[in-house]
Amino acid sequence: MESERRKSKRINIDVTIQVKSVNQNSSADQPTAVDVNVVDISTTGMAFKSDYQFKLGTYYDDNAKVTLENKESIQTIIEVIRAECIDDSIQYGCCFVGITLEQQFKISVYQIVAENANAPT
């Protein structure tokens, strides 16, 4: 069984967003924005897949807000903290930097609604 890396419970999500580097030392050969497929989210971070090779310890802005299925959206800075190869693609783990309590609450509400929608009746 895979050990949980996050401090908070994660929920599966399938959303494509753009992230933009906020590092001061970005080189000219780096794209200004990169599309990524968010695969799960928690109140403290998210995981995404991308063909672009992200460096660990780099920071990105959710250029296009993460819009949850309940139409709530969050926007924050993320730090890439891990990378692992899963099913012939690279999945990156990120932690939110400076996320507000309001944004965390939106994610918590989304998790409750999603869990209740999938619960047996």
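Is E115 buried, partly exposed or exposed, and what is its relative accessibility? E115 counts as partly exposed, at 32% relative accessibility, where buried means under 20% relative accessible area, exposed over 50%, and partly exposed in between (1.4 Å probe, protein chains only).

## Basis of the model

The structure is a predicted model, in which local features need pLDDT of at least 70 and side-chain atom pairs count only at pLDDT 80 or more, while totals for chains, interfaces and linings use all residues. Residues are numbered from 1 along each chain as its sequence is written, and side-chain values use heavy atoms, with hydrogens and water left out.

## Overall architecture

The chain has one helix and eight strands; helices (H or I, at least four residues) and strands (E, at least two) are DSSP runs, numbered from the N terminus. From the N terminus on, the order of elements is β-β-β-β-β-β-β-β-α. Of the 121 residues in the chain, 39% are buried.

## The barrel

Six strands form a closed barrel in the order 1-2-3-8-7-4, with antiparallel pairing. Neighbouring strands of this sheet are turned by 45 degrees against each other on average, direction ignored; axes are lines fitted to C-alpha atoms, for helices over the stretch in contact, and angles run from 0 to 180 degrees between N-to-C directions. Two strands pair if DSSP finds at least two bridges between them. Strands of a sheet pair through backbone hydrogen bonds, either parallel or antiparallel.

Strand 1 and strand 2 (residues 34–41) run antiparallel and are joined by seven bridges, and V15 stands opposite V38 in strand 2. Strand 1 is also joined to strand 4 by three bridges, again in the antiparallel sense; here V19 stands opposite D62. Strand 4 pairs with strand 7 (residues 77–86) over three antiparallel bridges, and D61 stands opposite I77 in strand 7.

In a regular strand the side chains alternate between the two faces of the sheet. Strand 4 (residues 59–62) has a covered face, Y60 and D62, and an uncovered one, Y59 and D61.

## Salt bridges

The structure holds four salt bridges, each a side-chain nitrogen of Lys or Arg within 4 Å of a carboxyl oxygen of Asp or Glu. One of them joins the side chains of E115 and K9 (2.6 Å, N to O). E115 lies in helix 1 (residues 101–118) and K9 in the segment before strand 1, so this pair ties together parts that are 106 residues apart in sequence. K9 is exposed, with a relative accessible area of 55%.

Another salt bridge links K106 and E72 (3.8 Å, N to O). Because K106 lies in helix 1 and E72 in the loop between strand 5 (66–67) and strand 6 (73–74), the pair ties together parts that are 34 residues apart in sequence. E72 is partly exposed, at 34% relative accessibility. The side chains of R82 and E84 also meet in a salt bridge (2.7 Å, N to O); R82 counts as buried at 14% relative accessibility, whereas E84 is partly exposed at 24%.

A cavity is a set of points, on a 1 Å grid over the protein atoms alone, where a 1.4 Å probe fits but cannot get out, and its lining residues have an atom within 4 Å of a point. Grid points are joined across faces, edges and corners, and a volume is the space filled by probe spheres set on the points. The count comes to one cavity of 30 Å³ or more, and the largest cavity holds about 40 Å³ of space.

Ten residues line the largest cavity, and S21, P31, V34, Y52 and Y60 lie nearest its centre. Strand 1 (residues 11–21) supplies the largest share of this lining, three residues. By class, the lining has six nonpolar, three polar and one charged residues; Ala, Val, Leu, Ile, Met, Phe, Trp, Tyr, Cys and Pro count as nonpolar, Asp, Glu, Lys and Arg as charged, and the others, Gly among them, as polar.

How values were computed: On a 1 Å grid over the protein atoms alone, a cavity is a set of points where a 1.4 Å probe fits but cannot get out, and a pocket is an open set with protein on both sides within 12 Å along at least five of seven lines; lining residues have an atom within 4 Å of a point.
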